[in-house]
Amino acid sequence: MGLLSYFRSARPKSAQVAKERLQILVAHERQMRDAPSYLPQMQRELLAVIRKYVHVNDDAISIQMEQDDNHEILEVNIVLPEDGAGRTKTPELRGN
Amino acid sequence: MARIIVVTSGKGGVGKTTTAASLAMGLALRGNRTAVIDFDVGLRNLDLIMGCERRVVYDFVNVINQEAHLRQALIRDKRCEDLYILPASQTRDKEALTKEGVGRVLEEMSEEFDYVICDSPAGIEKGAFLAMYYADDAIVVSNPEVSSVRDADRMIGILSSKSRRAELGEEPIKEHLLLTRYDPKRVERGEMLSVDDVLEILALPLLGVIPESQAVLNASNEGIPVILDEKSNAGQAYRDAVARYLGEDLPQRFIRPERKGLIGRLFGG
Amino acid sequence: MPIVRLRSTDMMTVAAQLRRSVERAPEFFRRAPVVIDVSALPDEAEINLAYLLGQLQQMGMIPVALRGGGPALRELAAAQRLALLADAPVPETRVTETSSPPPPPSPPPPSKAMLVTQPVRSGQRIYARGSDLVVLAAVGYGAEIMADGHIHVYGTLRGRALAGVHGDKGCRIFCRDLQAELVSIAGHYRISEDLDEAVRGRTVQVYMRDTALIIEAF
Ligand SMILES: Nc1ncnc2c1ncn2[C@@H]1O[C@H](COP(=O)(O)OP(=O)(O)OP(=O)(O)O)[C@@H](O)[C@H]1O
Ligand SMILES: [Mg+2]
């Protein structure tokens, strides 16, 4: 049993990968679905304004909308490039 | 008043028509007056799966356009007298369906039937929209595979926001998940999403798991809903799903591989 | 004379439905005088007559008369110079595939048959208006061929064939290999399941004798 499961787990299971990808994707799409319809447009316009001053990538802005019972929170995150633009992102943000 | 059930998925080819045919037959076999409508205008298939393709005279679009009466277009199943089929038109396209027209026909059918099952076309365009718009229940069909699960999720969003019930602020459509073409062996090997994986992502009550089965292909070749093949796993799984839909509490079968004997296990890999 | 029979007061829906009928047989409606029949609706029904007249004219039809309707509507119609007909039904021409309206008042000029040399595929629909139809290739399952006159199919006929769709019972269907889903003459039809095994796959002609549809192998 031990030996068998050793061999079996040697390779990441594609189903496991599939599940993780789906979880991220679906969460993202649900968020888009529930978001007010003006968000994408607002995101594009904000990006255009910022680009007048700093050079940023398309994914530099993330907008989150959170809803409580009686109020909504609009959270805008803007990632500005560090001096040496083109540096890779910190590795600990990726993977697990 | 009939309950209107849509069988939907978003993604194509996941087993909607197979499911609609078996569900309709299953409900009718239990004495419910049941009709099943093919909403796949332009690509009709339900008549073939139900084995009534040689008896089509009028179709759903004719009824919507009032070129034929409902009772002229409904085809009575030869195996079960409580079951009727309303075929799709092959020579029109989905634009021939209108919200008012579909509503009118469903209303008329509601008076005569206990259940009206709408076999949705794939996609999220007009045909799929109209198939789900008037529904009371939705059976969301998915395969244990990424694109199909993702599309199912999309469809669930549409059901809860774009249906008539949602528009009128009524109690939402009751949704059920049906996982089809499930292959327990591949799940065990980690090559296919498991029931639990899919449930975790979609978070819908599970109506059933239909195993991948050669019997489905054989049944559609012969124009017999697979639920009538009582010996097959898929047929039994559909029977269980119908029973669960009607409120019975049954354990899931067919979600673990069938065990071979010890020898088979040692040498079969 | 074609009759537009209103069953709904929603003129948008009515216009959309009409448009679909007209698309199916545009020639049939071009410059056709039509009667608007509201006798199926209650007298007090509110009908936007001006809109309907506009739509009909846009589709190429010429509204000439109103049948039924309450006093208010009839007054409006009179102001639009429509003839007012009594509620009693007049002979009508309906435009569905299988109805059998009376023949047109004067015999249409002889016209050449429509010739189709390519296979007719599932989902396609061909209509030979005012003439015979000759198909040299096969007609697939789920395809539909229609003619006001006779139909000849030299390939295998697997789809539907409807001859004499405007009610001419003298029309016939001739085909080399009969495997049709449906054959119809002037609205009298036979579906695949009811085909006699003796004629299936044979070279046949289909015609009307009195009120019976006869399928006869050569
Ligand atoms: N449990 C099953 N085991 C094996 N094959 C299956 C199973 N369920 C469906 N199939 C096969 O999958 C194919 C698609 O099935 P079906 O036509 O029911 O899907 P659909 O969702 O209605 O497709 P569409 O989106 O085109 O309408 C068919 O060939 C069918 O035989
Ligand atoms: Mg289908």
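## A salt bridge within chain B

In this predicted model, the side chains of B:Glu248 and B:Arg30 form a salt bridge with an N to O distance of 3.2 Å. A salt bridge is a side-chain nitrogen of Lys or Arg within 4 Å of a carboxyl oxygen of Asp or Glu. B:Glu248 sits in the loop between α12 (233-245) and α13 (262-268) of chain B, and B:Arg30 in the loop between α1 (16-29) and β2 (34-38) of chain B, so the pair ties together parts that are 218 residues apart in sequence. Helices (H or I, at least four residues) and strands (E, at least two) are DSSP runs, numbered from the N terminus.

B:Glu248 counts as partly exposed because its relative accessibility is 38%, and B:Arg30 counts as partly exposed at 45%. Buried means under 20% relative accessible area, exposed over 50%, and partly exposed in between (1.4 Å probe, protein chains only).

## Conventions

The model is predicted, so local features need pLDDT of at least 70 and side-chain atom pairs count only at pLDDT 80 or more, whereas totals for chains, interfaces and linings use all residues. Residues are numbered from 1 along each chain as its sequence is written, chains are lettered from A and ligands numbered from 1 in the order in which they are written, and side-chain values use heavy atoms, with hydrogens and water left out.

## Other salt bridges

Over all chains, the count comes to 26 salt bridges. One of them joins B:Lys78 to C:Glu193, with the closest N and O atoms 3.0 Å apart. This pair crosses between chains, from the loop between β3 (75-76) and β4 (83-86) of chain B to the loop between β13 (188-191) and β14 (204-209) of chain C. B:Lys78 is exposed, with a relative accessible area of 60%, while C:Glu193 is partly exposed at 29%.

B:Arg165 and B:Asp136 also meet through their side chains in a salt bridge (2.8 Å, N to O). The pair links distant parts of the chain, 29 residues apart: B:Arg165 is in helix α8 (residues 164-168) of chain B, and B:Asp136 is in the loop between α6 (126-133) and β6 (137-142) of chain B. B:Arg165 is buried, with a relative accessible area of 12%, and B:Asp136 counts as buried at 10%. Salt bridges that share partners join A:Lys19, B:Asp197 and B:Glu200 into one network.

## A negative patch on chain B

A patch of negative charge on the surface is formed by B:Glu107, B:Glu108, B:Glu111 and B:Glu112. Patches are made of residues with over 30% relative accessible area and no salt bridge; like charges are joined within 9 Å, and nonpolar side chains (Val, Leu, Ile, Met, Phe, Trp, Tyr) within 5 Å. B:Glu108 lies in helix α5 (residues 99-112) of chain B and is partly exposed, with 38% relative accessibility.

## Chains A and C

Chain A has three helices and two strands, in the order α-α-α-β-β from the N terminus on. Of its 96 residues, 15% count as buried. Chain A exposes about 8,400 Å², with 53% supplied by carbon and sulfur atoms; accessible areas come from the Shrake-Rupley method with a 1.4 Å probe, and for residues only the protein chains shown count as cover. Among contacts (heavy atoms within 4.5 Å) in chain A between residues at least 6 apart in sequence, 31% join residues at least 24 apart.

Chain C has four helices and 15 strands, and 48% of its 218 residues count as buried. The accessible surface of chain C is about 10,900 Å², of which 53% belongs to carbon and sulfur atoms. For contacts in chain C between residues at least 6 apart in sequence, 38% join residues at least 24 apart.

Definitions and conventions. Lys and Arg count as positive and Asp and Glu as negative; His and the chain ends are not counted. The place of a charge is taken as NZ of Lys, CZ of Arg, CG of Asp or CD of Glu.
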